[in-house]
Structure formats: C-alpha cells, structure tokens
Amino acid sequence: ILHQALGQVLIISPWNYPFHISMTTIVAALAAGNTVVFKPSEVTPLSGLIESLMEASPLLKRAVSIAYGTGATAQRLIDQRPAKIFFTGSARTGKKILQQAAEYLIPVDLELGGKDPMIVFDDVNLNRTVAGCLWGAMTNAGQSCTSVERVYVQRGIYDAFKAKLKSDAASLVVNAGDRGDADMGGITASFQLDIIKRQVEEARAAGADILCGGEVLGGSELLGGSEVQGEGGCFYLPTIVEGATADMALLSEETFGPVIVLLPFDSEEKVITESNHSDFGLSASVWSKDLKRAERVARQLEVGAVSINNVMLTEGNPALPFGGNRRVHYQAPEYFIDIGGLPPATRSARASVNFSLDEYVRLPDRNGDRRCYVDAQIAQHVQDLRQAWAGPLILKSSFRSPRFVDAFSNTVAADGSGWVH
C-alpha cells in the first residue's frame with residue numbers, strides 16, 4: 001500500500017473558532033504532504049496572523065497560500081479545481097459548495113451545523129448536570145456546532161432542574177472577555193444575532209415561555225464597518241425557553257447562540273424518538289448514574305458521537321473521532337460488498353459501487369428521498385452480484401445510519417442468503 005498526498009487542498013474556514021479550526025485543518029493537510037489554499041471567513045479574517053506563523057519555515061511559507069474575500073472568492077477558488085475541499089460552516093453554504101464541487105467531481109468534506117440534544121435522567125447529580133448543561137450551551141456564547149441546544153429532562157426532576165438551571169444561568173457574567181471578568185462573551189456577527197433574536201421572538205409569539213434572558217444587553221458597535229462586534233454590543237443574555245414545539249424554528253433549526261430549549265420527558269423510548277426527530281445529527285449527551293441505561297440510549301441516538309455524563313468531549317479532542325450524520329457531516333458516500341466465505345488471500349472477487357456525486361446532491365434535502373436512492377442502488381447491486389455468487393456477503397459501508405444497514409439486510413434476506421456487516 002502506497003500512501004500519496006492529494007496535492008492542493010482548499011480549506012474554507014468559519015468565523016466561530018477562526019484560529020483553532022484554521023490551524024487544525026491547515027496542519028492536518030500539511031502533515032499529509034499537501035499544499036494548502038486557505039480562505040478564512042470574511043467576518044473574522046485574522047489578517048496577517050496565519051502568514052506570520054508560516055514565516056517560521058520557508059517550506060511552510062511556500063506551501064500555504066491565503067486568499068481573503070467573500071463567498072464569491074470561495075467560488076472562484078473552487079473553479080480552480082483543487083484536489084480536495086474541506087469546509088466548516090452552515091448547511092446552507094455547504095450545499096452550495098457541494099453542488100459546485102460536483103461539477104468537477106472534487107471530493108469534499110463538510111462539517112456543518114448541529115442541534116445537539118442533552119438527555120437527563122432522574123438519577124443524576126443535579127449540581128454537576130446543571131453545570132454541564134450550562135457549559136455545553138453557553139461556552140463561546142453558544143457559537144459552536146456541538147453546543148447543547150435541546151435539553152430533555154425526566155419529569156421526576158424537571159422542576160428542580162429548571163429552578164437550578166434558571167438560577168445558575170442568571171448568575172453568569174456577560175462581558176467582553178479581555179478584562180478577565182466574564183463567563184460569556186458576545187455574538188461574533190450581527191447576522192447571527194439576528195437569527196437568535198428571530199427564533200426566540202417567534203417562539204415567544206407562538207406561546208413559548210422565556211424563563212430568563214431573551215434579550216440583547218447593550219447596543220451594537222461595528223468596528224471599521226465590518227460585521228465583527230465591538231465591546232459595546234451584540235451581547236445576548238443567557239436564555240432558557242420552555243414550551244417550545246416541533247413546528248418552531250427554535251426547536252428545529254440551529255440557533256448557534258446562548259439559548260437552551262428545556263423539554264420534559266416520561267419514558268426512555270419517547271426521549272429517544274424526540275431526540276432523533278431532527279435534521280441534525282452531530283453529537284449528543286446522555287446523563288445517568290445507570291451506565292448500562294446511558295449506553296443503551298446512546299447507541300440508539302442517530303448522531304456521530306455521544307458523551308455520557310459529559311458534554312462536547314469530541315470537539316478539539318485529538319484522541320477521539322469527530323463527525324456526524326444527516327445535515328452536519330458529508331463525505332462522498334460509498335459502499336462495497338465483499339464476497340464472503342472465502343479465505344482472505346483468495347477473496348479477489350469484489351464488487352463495488354460509488355454513488356454518483358452530482359446525482360446524489362441534486363436529490364431533495366429530505367432523508368427519505370436519499371434513502372430511497374440508496375435502497376434502489378443496493379437492491380440493484382445485490383441482484384447483479386447474485387448472478388455470479390450465491391454465498392454470504394459482507395457489507396462495508398461509510399454510512400453510519402442503521403437504516404442503510406437495514407436496507408441491505410432486507411434486500412439480501414429476500415433471497416435467503418447470509419450476510420455479515
């Protein structure tokens with residue numbers, strides 16, 4: 001096996017962690033032997049900072065090019081046909097990048113948004129769990145893809161949890177962090193503040209209760225005409241909302257701000273169903289002293305990672321994988337089916353299918369339509385393979401969804417043959 005660098009990698013970085021995410025992806029691309037074209041967010045360009053770091057080595061200086069600009073700049077860079085694209089940002093922008101990259105069949109990694117659920121059972125340590133909830137929801141003022149946004153609390157402790165959470169949230173200090181006296185800072189971009197305000201106000205108008213927060217602290221001050229906020233404004237108070245329903249944007253769309261939606265639940269089965277009822281599937285957390293129950297629930301959540309009795313453990317953690325399902329993570333999907341029942345050395349007959357990237361991205365953004373496409377591809381492929389092989393099959397898949405495995409299982413089971421996943 002020979003490992004070779006791809007060539008030139010285009011990295012399009014977000015504004016919420018402008019230095020950390022930029023450096024992580026740049027260093028990873030360089031370590032694999034690639035050169036980098038880096039486009040920072042126009043909201044947080046950090047002009048000159050990355051260049052000054054690359055000055056440490058003539059090799060790094062030549063290997064990393066930086067292009068400042070808006071989304072139009074990113075489009076022009078994609079038209080230059082890099083060997084790979086890595087984008088972190090919103091699902092809306094990610095779709096546009098995927099569609100443009102499909103024209104050139106450029107492989108793309110997308111790390112997009114989240115609407116992470118936190119499930120709290122009634123046997124938890126209340127103080128520690130509330131502290132974890134606040135940390136997961138309010139760190140970086142909620143401007144993180146793995147922020148806690150939906151909190152499901154078992155009804156037996158719901159009132160006590162709510163009272164403690166409300167009291168502790170009200171005690172947080174909201175201020176500019178440079179003075180060292182702040183628990184939570186401001187919202188980075190004015191357009192993001194508008195999204196937060198709109199979601200909360202729409203929920204309030206539709207009957208949801210705002211238990212605390214729900215308003216902006218101070219006025220807005222733009223620096224140099226940009227959308228970066230100064231110390232005088234764009235501080236949104238820590239907010240807790242009760243009584244939100246599934247038809248509200250606050251519960252169905254990413255908020256990306258310091259807002260917690262609090263929801264009671266009665267049964268394990270119901271909270272799993274409600275947690276999975278989302279277009280997002282990045283990460284989640286389950287809180288319980290009963291670790292067997294916590295793991296049982298964690299395994300049924302349709303997300304990329306689950307923390308047990310903790311939050312955000314996979315974010316920026318080099319010891320753990322990071323990624324998700326649905327609208328939060330994308331790699332060009334593929335699977336292959338090995339012919340089983342033969343010694344590895346002689347298992348040379350392998351059939352493989354790569355989904356057409358442009359055909360896949362043009363599907364409506366609804367899981368059902370894409371699953372139908374996947375199911376049809378599997379059924380046709382198994383049918384073709386059966387003409388040459390009647391033995392057991394082995395499925396190896398980059399899809400994490402149990403529904404994908406079920407589709408394969410059902411197709412193979414129809415002809416009575418065995419299979420291994």
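Figure 1. Two strands count as paired if DSSP finds at least two bridges between them. Strands (E, at least two residues) and helices (H or I, at least four) are DSSP runs, numbered from the N terminus. The model is predicted: local features need pLDDT of at least 70, side-chain atom pairs count only at pLDDT 80 or more, and totals for chains, interfaces and linings use all residues. Residues are numbered from 1 along each chain as its sequence is written, and side-chain values use heavy atoms, with hydrogens and water left out.

Figure 2. Five bridges join strand 6 (residues 116-120) to strand 7 (residues 148-154) in the parallel sense. Asp-116 faces Val-148 of strand 7. Contact means heavy atoms within 4.5 Å.

**Figure 3. Burial of strand 6.** Five of the five residues of strand 6 are buried, so the strand is largely enclosed by the rest of the structure. Both faces are covered: Asp-116, Met-118 and Val-120 are buried on one side, Pro-117 and Ile-119 on the other. Val-120 has Val-153 of strand 7 as its bridge partner. Buried means under 20% relative accessible area, exposed over 50%, and partly exposed in between (1.4 Å probe, protein chains only).

**Figure 4. Helix 1 and its cover.** Helix 1 (residues 20-31) has twelve residues, which should span 16 Å at 1.5 Å a residue; its end C-alpha atoms are 16 Å apart, in agreement. The expected span is 1.5 Å times one less than the number of residues. Buried in helix 1 are Ile-21, Ser-22, Met-23, Thr-25, Ile-26, Ala-29 and Leu-30. Their cover includes strand 1 (8-12), strand 2 (35-39), helix 2 (49-54), helix 3 (58-63), strand 3 (64-66) and strand 4 (84-88). Gly-33 follows helix 1 with a positive phi, near 95 degrees.

**Figure 5. Lys-39, a buried lysine.** Lys-39 belongs to strand 2. Its relative accessibility is 3%, so Lys-39 counts as buried. The C-alpha atoms of Lys-39 and Ile-12 are separated by 4.9 Å, although the two are 27 residues apart along the chain. Leaving out residues up to four places away in sequence, Lys-39 touches Ile-11, Ile-12, Ser-13, Ala-67, Gly-69, Thr-70, Thr-73, Ala-74 and Leu-77. The Lys-39 side chain reaches the backbone oxygen of Gly-69 at 2.9 Å. It also makes a polar contact with the side chain of Glu-42 (3.4 Å). A polar contact is a pair of N or O atoms within 3.5 Å; within protein, one must be able to donate a hydrogen and the other to accept it, and residues adjacent in sequence count only if both atoms are side-chain atoms.

**Figure 6. Arg-293 and Asp-123.** Arg-293 sits in helix 11 (residues 291-298). With a relative accessible area of 14%, Arg-293 is buried. Its side chain makes a polar contact with that of Asp-123 (3.3 Å). Residues up to four places away in sequence aside, Arg-293 touches Phe-121, Asp-122, Asp-123, Gln-154, Glu-268 and Ser-288.

Figure 7. Rings of Phe, Tyr and Trp (its six-membered ring) pair if their centres lie within 6.5 Å; planes under 30 degrees apart count as stacked, over 60 as edge-to-face and the rest as tilted. The count comes to three aromatic pairs. Trp-15 and Phe-191 have ring centres 5.9 Å apart and planes at 85 degrees, so the pair is edge-to-face. Trp-15 lies in the loop between strand 1 and helix 1, and Phe-191 in helix 8 (residues 190-205), so the pair ties together parts 176 residues apart in sequence. Trp-15 is buried at 12% relative accessibility, whereas Phe-191 is partly exposed at 32%. Trp-15 and Phe-256 are also edge-to-face, with centres 5.6 Å apart and planes at 90 degrees. Ring pairs link Trp-15, Phe-191 and Phe-256 into a cluster.
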